[in-house]
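Here is a short note to read beside the model. It goes point by point.

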Amino acid sequence: MVFLNGEFIPKEQAQVSVMDRGFLFGDGVYEVIPVYSGKIFRLDEHLERLQNSLNSVQINNPYSPQQWREILHELLSFSSESSQSLYLQISRGADVSRKHSFDSLSPTVFIESSPLTPKTKAELEIGYRAMSQPDFRWQRCDIKSTSLLANIMYSQQAKQNQVEEVILHRDQLITEGATSNVFIVKDNVLFTHPTGDHILSGITRDLVLESAKHCHLSINESALTLTELLSADEVWISSSTREVMPIVQVDNQLINNGVIGKYWPQVYDYYQGLKHV
Ligand code: PLP
């Protein structure tokens, strides 16, 4: 079952107009929210970021936080999976004719839930490979927009090169991954790009910072260069579905001789604990 514009219906029956601006322009915003043991993880934070994205593009939020909560729980009740990933998208809605500027429309709301199986610690401990690329995205990466052409191009490159993620740099400074935030440990300090319009402010990013603090890792929210990343002690990526994942090779360079560092297991363990509080 999916939720579409106020109704819970089978996915095969869900249809939207070809004039929907989400279809024509990618004119919409979205969220991906993990659910563990039936509990929606950090829902308030996701709803707050959704509101910020909507405000930035002048789409009215059709529901109050309480209404969102009720809709999401009702959708979850159709599935017996205890861990799920909720995808919710709001497009500006359908217009009578195609034009770039917009009038006030009725937003199209689509939500689906799919099973979520986070990788185990044993799987993650092997470490993953990434590649670097110049960040050619726009200047409003803080908006969780459904216009994802650049991210799609990077993700396809990652797939073709058999790496987990493309790590992006703007003017040589690491911004984030194509679908994740990036962390660098060097000399017992954790670095990550500050929030602002060059990165998406990840909900997991905040949780990784919270976990790192608990593990007595100093935090410096500033951007490092690609050269600094390549000589780091540890590199991690984070996202709601991948949680916190160690990267042990970027391009042809091994990180920490290709083995995970000492902080990742501690931060991982603390993060796992946060899921059950
Ligand atoms: N940055 C980008 C570009 C992303 O697409 C994502 C997640 O999809 C993130 C960061 C991580 O955000 P979150 O931790 O809220 O999933």
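1. Which residues does Tyr63 touch, not counting residues up to four places away in sequence? They are Phe3, Gly6, Trp68, Ile71 and Val109. The model is a predicted one. Tyr63 itself sits in the loop between H2 and H3.

2. Six strands form an open sheet, in the order E2-E1-E6-E5-E3-E4. The pairing is antiparallel. Strand E2 (7–9) and strand E4 (39–40) are the edges, and each pairs on one side only. Strands of a sheet pair through backbone hydrogen bonds.

3. Look at one pairing within that order. Strand E1 (residues 2–4) and strand E6 (residues 108–115) are joined antiparallel by two bridges. Phe3 has Ile111 in E6 as its bridge partner. Phe3 is also one of the residues that Tyr63 touches.

4. Helix H2 (residues 43–57) touches strand E3 (28–36), E4 and strand E5 (84–91). The direction of H2 makes about 175 degrees with that of E3. Helix H3 (residues 65–76) touches E1, E2, E3, E4, E5 and E6. The direction of H3 makes about 45 degrees with that of E6.

5. How many aromatic pairs are there? The count is eleven. One case is Phe8 with Phe78: the ring centres are 5.6 Å apart and the planes stand at 45 degrees, so this pair is tilted. Phe8 belongs to strand E2, while Phe78 is in the loop between H3 and E5, so the pair ties together parts 70 residues apart in sequence.

6. Strand E7 (residues 128–134) runs parallel to strand E14 (residues 243–250), with three bridges between them. E7 also pairs with strand E8 (residues 165–170), again in the parallel sense, over five bridges. Which residues are the bridge partners of Ala130? In E14 the partner is Val250. In E8 the partner is Glu165.

7. Last, the surface. Phe136, Leu149, Ile152 and Met153 make up a nonpolar patch there. Together they have about 450 Å² of accessible area. Ile152, one of the four, is found in helix H5 (residues 149–160).

Key:
Residues are numbered from 1 along each chain as its sequence is written. This is a predicted model: local features need pLDDT of at least 70, side-chain atom pairs count only at pLDDT 80 or more; totals for chains, interfaces and linings use all residues. Side-chain values use heavy atoms; hydrogens and water are left out. Patches are made of residues with over 30% relative accessible area and no salt bridge: like charges are joined within 9 Å, nonpolar side chains (Val, Leu, Ile, Met, Phe, Trp, Tyr) within 5 Å. Accessible areas come from the Shrake-Rupley method with a 1.4 Å probe; for residues, only the protein chains shown count as cover. A salt bridge is a side-chain nitrogen of Lys or Arg within 4 Å of a carboxyl oxygen of Asp or Glu. Helices (H or I, at least four residues) and strands (E, at least two) are DSSP runs, numbered from the N terminus. Two strands pair if DSSP finds at least two bridges between them. Contact means heavy atoms within 4.5 Å. Axes are lines fitted to C-alpha atoms, for helices over the stretch in contact, and angles run from 0 to 180 degrees between N-to-C directions. Rings of Phe, Tyr and Trp (its six-membered ring) pair if their centres lie within 6.5 Å; planes under 30 degrees apart count as stacked, over 60 as edge-to-face and the rest as tilted.
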